[in-house]
Amino acid sequence: MNVPLRKPNWAQRELLSHSPLFAGLAPKLLDELSRASRLLEVPAQSVLFEAGDPVREAYVLVSGTLKRSTILAGETKKVIELAQSQQLLGLGEAFSASRYASSGKTITPCIVVAIDIHKLRAIVRQDLDLSWRIIQAMAERQCAVEFDVTGYHYGLTGTQRLLDYLIELAGGHPGLAGETTVTLKTSKKIIAARIGMTPESLSRSLRLLSESGVIVVDGRNVHIQNAALLNTEVGNTKQRVNFSRKSKKAAAGLAKSLSPGVLINLCGRPRLLSQRMAAAWALIGQNISPAKAAVRLRQLHAQMERTLARLESLGLPGDLAEQLQAVQAIWPRYWAALSEVEPALENASAVLELSEEMLEAIDLLARQAAVHVALPAAHYVNIAGRNRMLSQRIGKLFLFREWGLSDEATLQRLGASCCEFESNLAELKRSGVGVPELVAQLSEVTEQWQRFESVLLPSLQHASKSRHALAALAEGERLLRHVDTTVKLYERLAK
């Protein structure tokens, strides 16, 4: 596993000097550590050390992912740590034990610096700054273990433990707004074992966090929506949302009643889905990532079915129930056009018009819900929701325009949608004063909107229509995540 390098000491010195623990160490001491170390390139699924092995070296993880585990009573294996960032592995064991109590196995290929333990301990005794860093690292680990144990035994749900784990991966201190992206570098099975869950429970918790607007899952990437982590109430900006256990009676009550903000958001969400479905159909027709677009279209269909079914189950009052029926009358025709009509340019105009008809019916339902609620904040939930839809309507119209449907009506709709988005954003900014995370989130939306708007224009950077479309849609997805979080913040304020 040794890396064949002409100057291994130089490589080890360079890596250690940039690690959080050893950065700033005196050059003389750094040289001593480098001479007493080895550089290892460890393949995936390799055992670095096993429980019971003598502690002869301390291992500094430079890159890659490694799990530390131990065997409990009954031969049950417990994952105690998933190491993904640069750190000294098994810190407590390295400085307090003669033999490892845990086993370390790589998940992905890893680069590791192995330091002679006697030399490391001697240098720690010499250097006060390094000693202090070791104490800090051990203290942080101790706090993490204490709160992990406390949460596990005293009522934290699996969903809360998962959220805490994701925040830990993100560095522990997400910003006030925008998003923080973490990558799950290991399997769900291993992550579930680390936080004391089954893989099935982990999947359910990911879905709950997604539905709550706290995260957006995109393959192995998880986009934590920073502002959505907070309970958006004036004067209570430091309190994070929590997923504590609820009694069956309380859960039943929540299932039967929705807050005004949740109702408006739910009524307006099909607007977004309808536009994304048309965009997916256009991607298939233009042969732009057609397999991925087809999967997305099926997923959006399932989301639309669930949303309409939930709205119907609420027993909406008169005018809302009538408008929901109007939406449900159009929906079968719209889905038939998307699923049964060949995605081709000659059919694009008919599908586009159906998407607009569907949008108009759903938009009326959302506006009626805002009027029915009769709260000042309800108007802003609807406006924020409409901007969420516009972010995707603009993308839809852009795709149809690039496909060749550049008639006056399409261009007029595209221009009007861009103007309305900016107008709505200005109105939301005026309303958000006094809620710090809302102000910060709207600032993030503004920046992302400018990036999205600029990429819609033809550019020499994009050598083909396909690349141009993918670039625009990628920026549109980022904008959607930012705007969706904004809707969630307004939803919480409408109580």
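This is a predicted model: local features need pLDDT of at least 70, side-chain atom pairs count only at pLDDT 80 or more; totals for chains, interfaces and linings use all residues.
Residues are numbered from 1 along each chain as its sequence is written, and side-chain values use heavy atoms, with hydrogens and water left out.

Helices (H or I, at least four residues) and strands (E, at least two) are DSSP runs numbered from the N terminus, and two strands are said to pair if DSSP finds at least two bridges between them. Four strands, in the order E1-E8-E3-E6, make up an open sheet with antiparallel pairing. Its edges are formed by strand E1 (37–42) and strand E6 (87–88), each of which pairs on one side only. Within this sheet, strand E3 (residues 57–63) and strand E8 (residues 110–116) run antiparallel and are joined by six bridges, and Glu57 has Asp116 in E8 as its bridge partner. Across E3, E6 and E8 lies helix H4 (residues 117–126), which runs at about 70 degrees to E8; here axes are lines fitted to C-alpha atoms, for helices over the stretch in contact, and angles run from 0 to 180 degrees between N-to-C directions.

A further open sheet consists of three strands in the order E9-E11-E10, again with antiparallel pairing. The edge strands are E9 (179–183) and E10 (215–218), each pairing on one side only, and neighbouring strands of the sheet are turned against each other by 20 degrees on average, direction ignored. E10 pairs with strand E11 (residues 221–225) in the antiparallel sense over four bridges, and His223 in E11 is the bridge partner of Val216. Helix H17 (residues 465–493) packs on this sheet and touches E9, E10 and E11, its direction making about 40 degrees with that of E11, where contact means heavy atoms within 4.5 Å.

Helix H10 (residues 260–285) has 26 residues and spans 39 Å from its first C-alpha to its last, close to the 38 Å expected at 1.5 Å a residue, the expected span being 1.5 Å times one less than the number of residues. Of the 26 residues of H10, 21 are buried, so the helix is largely enclosed by the rest of the structure, buried meaning under 20% relative accessible area, exposed over 50%, and partly exposed in between (1.4 Å probe, protein chains only). After H10 comes Asn287, whose phi is positive, near 60 degrees.

Arg271 is found in H10 and is buried, with a relative accessible area of 1%. Leaving aside residues up to four places away in sequence, Arg271 touches Leu359, Ile362, Asp363, Ala366, Asn382, Gly385, Arg386 and Met389. Arg386 is also among the residues touched by Asn424, together with Ile383, Asn387 and Leu390, under that sequence limit of four places. Asn424 lies in helix H15 (residues 408–431) and counts as buried at 6% relative accessibility.

The structure holds zero disulfides, a disulfide being a pair of cysteine sulfur atoms within 2.5 Å. Cys419 is in no disulfide, and its nearest cysteine sulfur, that of Cys418, is 6.9 Å away. Cys419 is exposed, with a relative accessible area of 54%, whereas Cys267 is buried at 0%.
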